[in-house]
Amino acid sequence: MTGATGRALRLTVLVGEHDTWHHRPLYSEIVHRAHRAGLAGASVFRGIEGFGASSLVHTSRLLSLSECMPVAVVIVDTEERVRGFLPQLDELVTEGLVTLDACEVVRYGDRAERGPGEAPA
């Protein structure tokens, strides 16, 4: 997808920050598998408050630093590549939410494509 713009599919995986896969953070395992699968990119975002199927509100405002906050892993690539990655998530995500959204990529590029000191387009 390097340099591509146009129609794409956004995959969002919502899990808890303390969820693990073989003693490794689950979000990290998802990112590394997406990288090995050759997907265009993946980003992890830590929530500051939220609730899910348990209806238990998790918040960073409480005194407890051990609270398990929501984490979102977001991946955007072509529909074919994202859908090809879904079987790996079936193996990894036992609790959480996985969503797919059609989106449009307006700009996608690498910093290495710009010269030194050159601002993004």
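The buried residues of helix α1 (26-36) pack against β1, β2, β3, β4 (42-46), β7 and α2. Here buried means under 20% relative accessible area, exposed means over 50%, and partly exposed lies in between, with a 1.4 Å probe and protein chains only. Helices (H or I, at least four residues) and strands (E, at least two) are DSSP runs, numbered from the N terminus.

This is a predicted model, in which local features need pLDDT of at least 70 and side-chain atom pairs count only at pLDDT 80 or more, while totals for chains, interfaces and linings use all residues. Residues are numbered from 1 along each chain as its sequence is written, and side-chain values use heavy atoms, with hydrogens and water left out.

**Overall layout**

The protein has 2 helices and 8 strands. Read from the N terminus, the elements run β-β-β-α-β-β-β-β-α-β. Of the 121 residues, 27% are buried. Contact means heavy atoms within 4.5 Å. Among contacts with a separation of 6 or more, 74% are between residues 24 or more positions apart.

**The sheet**

Four strands form an open sheet in the order β4-β7-β1-β8, with antiparallel pairing. Because β4 and β8 stand at the edges with a single partner strand each, one side of each is left without a neighbour in the sheet. Neighbouring strands of this sheet are turned by 25° against each other on average, direction ignored. Two strands count as paired if DSSP finds at least two bridges between them. Strands of a sheet pair through backbone hydrogen bonds, either parallel or antiparallel.

The pairing of β4 with β7 is antiparallel and covers 5 bridges. The C-alpha atoms of V74 and L14 are separated by 8.9 Å, although the two residues are 60 residues apart along the chain.

**The two helices**

Helix α1 lies across β1, β4 and β7, running at about 10° to β7. Helix α2 lies across β1, β7 and β8, running at about 20° to β1. These angles are between axes, which are lines fitted to C-alpha atoms (for helices over the stretch in contact), and run from 0 to 180 degrees between N-to-C directions.

In α1, the residues L26, S28, E29, I30, R33 and A34 are buried. E29 counts as buried because its relative accessibility is 8%. Leaving aside neighbours within four places in sequence, E29 is in contact with W21, R24, R36 and L92. After α1 comes G38, whose phi is positive, near 80°.

The expected span of a helix is 1.5 Å times one less than its number of residues. For the 14 residues of α2 (residues 79-92) this should give 20 Å, and the end C-alpha atoms are 20 Å apart, which agrees. Helix α2 bends by about 30° at L86, and a proline, P87, follows within four residues. The bend is the angle between axes fitted to the seven residues ending at a residue and the seven starting there. V82, F85, L89 and L92 are buried in α2. The buried residues of α2 pack against β1 (6-16), β2, α1, β7 (70-77) and β8 (97-105).

**The nonpolar core**

A nonpolar core is a set of buried Ala, Val, Leu, Ile, Met, Phe, Trp, Tyr and Cys residues joined through side-chain atoms within 4.5 Å. The largest one has 17 residues, and those with the most contacts inside it are L11, V13, I30, I75, F85, L89 and V93. At least two residues of this core come from each of β1, α1, β7 and α2. Not counting residues up to four places away in sequence, I30 touches V13, V73, I75, F85, L89, L92 and V93.

Most residues other than glycine have a negative phi, and most peptide bonds are trans. H22 lies in the loop between β2 (20-21) and β3 (24-25), and H23 lies in the loop between β2 and β3.
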